[in-house]
Amino acid sequence: MRQTNRGAVDDTVGRESLQSLFSEWENPVFARYPEVAVDVSSGQAKSLAVKIHNVLYPYRFTKEMIHSMQVLQQVDNKFIACLMSTKTAENGEAGGNLLVLVDQHAAHERIRLEQLISDSYEKQQPQGSGRKKLLSSIVSPPLEITVTEEQSRLLRCYHKNLEDLGLEIIFPDTSDSLVLVGKVPLCFVQREANELRRGRSPVTKSIVEELIREQVENVFMHQLLQTTGGIQGTLPLTVQKVLASQACHGAIKFNDGLSPEESYRLIEALSGCQLPFQCAHGRPSMLPLADIDHLEQERQIKPNLVKLRKMAQAWHLFGKVGSCETRQSLRSSMPPCEPP
């Protein structure tokens, strides 16, 4: 019992020392994110309202807000400044009140990703199946993938479902630890072509191995939890990563100049996305800067420069008089020096 208490104390001390180390460390690359602690009871919230108004006035973004966005102009060839409406006027017309910056690369990346996902599926689905099927491409010769006995068993049970993901798996009679992949998702082949064009090594086999592992784990979890559905459902994470990479490489980059018309078309296309507020990798695509209505309410009073100048002169004069009186009082309080 004594050792347990001592271990808990050591863990607490270790966490506190580690936290202290991080709090005092100055990152030479990235600036520290500002930590704001607001004590509402002491009136700090009112004084800090302008600086952290995005915290004090939280917003819940919706897709409908993007339809009200008014494009202002491109900023630093990296962002698109827009006005977004967070409220609807009484007459039903929306007026922009929130100033936001849209990351032009993240926005175009999101647009491209959703288009690539849509283009990755076969347009004509089997009648009455209600299932989407990824476009596939034949691999010749077939890829040889090494699997365990348990993986081979699961793949045999669900290989028909894998065909919906663009995988055609062949089980040779000569070995239970080897499967042949005759078809792969079309986006895998496109990814390999891009890699070879850049002088890099082939990647299709490693991506297929990752996809098989992912699906085997999903099947195992479904069986463990005794749920139905197998490996049907959302787009596999492995396929999403391949498509996200394609979306990134073909998207508008920072320092690409955009005309007002191009900026408008980009925001218009973003408004049609299912997830317009994040890029293909999950990072935010836009950032709120200021609410114009709140800024008007929090408009600061201009300082009276004449009054400040008089105060400074009075303080300067008082400082000189005060220092002279202090020196005189010190001299009078000191006893006279007597000869030795």
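Student: What is the relative accessible area of glutamate 261?
Tutor: Buried means under 20% relative accessible area and exposed over 50%, with partly exposed in between, using a 1.4 Å probe and protein chains only. Glutamate 261 has 44% and is partly exposed. The model is predicted: local features need pLDDT of at least 70, side-chain atom pairs count only at pLDDT 80 or more, and totals for chains, interfaces and linings use all residues. Residues are numbered from 1 along each chain as its sequence is written, and side-chain values use heavy atoms, leaving out hydrogens and water.

Student: Which residue forms a salt bridge with glutamate 261?
Tutor: A salt bridge is a side-chain nitrogen of Lys or Arg within 4 Å of a carboxyl oxygen of Asp or Glu. Here the partner of glutamate 261 is arginine 265, with the closest N and O atoms 3.6 Å apart. Arginine 265 is also partly exposed, at 44% relative accessibility. Helices (H or I, at least four residues) and strands (E, at least two) are DSSP runs, numbered from the N terminus.

Student: How many salt bridges does the structure hold?
Tutor: Eight. Another bridge links lysine 123 to aspartate 119, at 3.8 Å from N to O; lysine 123 is exposed, at 62%, and aspartate 119 is partly exposed, at 37%. Lysine 78 pairs with aspartate 76 at 3.0 Å between the closest N and O atoms, and aspartate 76 is exposed, at 55%.

Student: Which residues touch the most other members of the largest nonpolar core?
Tutor: In soluble globular proteins, nonpolar side chains tend to be buried together. A nonpolar core is a set of buried Ala, Val, Leu, Ile, Met, Phe, Trp, Tyr and Cys residues joined through side-chain atoms within 4.5 Å. The largest one has 34 residues, and Leu155, Phe188, Val208 and Ile212 touch the most other members. Among the elements that each supply at least two of its residues are strand S4 (136-146), helix H6 (149-163) and helix H8 (204-225). H8 gives the largest share, six residues. A second, separate core has 18 residues, including Met65, Cys82, Ile111 and Leu270.

Student: Leaving aside neighbours within four places in sequence, which residues is phenylalanine 188 in contact with?
Tutor: Contact means heavy atoms within 4.5 Å. For phenylalanine 188 the list is Thr204, Ile207, Val208, Leu211, Thr238, Val239 and Val242.

Student: Which residues are closest to the centre of the largest pocket?
Tutor: On a 1 Å grid over the protein atoms alone, a pocket is an open set of points where a 1.4 Å probe fits, with protein on both sides within 12 Å along at least five of seven lines; lining residues have an atom within 4 Å of a point. Points are joined across faces, edges and corners, and a volume is the space filled by probe spheres set on them. The largest pocket holds about 570 Å³. It has 26 lining residues, and Arg110, Leu113, Glu114, Ile117 and Gln274 are the closest to its centre. Helix H5 (104-119) and helix H9 (237-249) are the elements that give two or more residues to the lining, and H5 gives the largest share, seven.

Student: Where is the cis peptide bond?
Tutor: From serine 140 to proline 141, with omega near -5 degrees. Proline 141 lies in strand S4.
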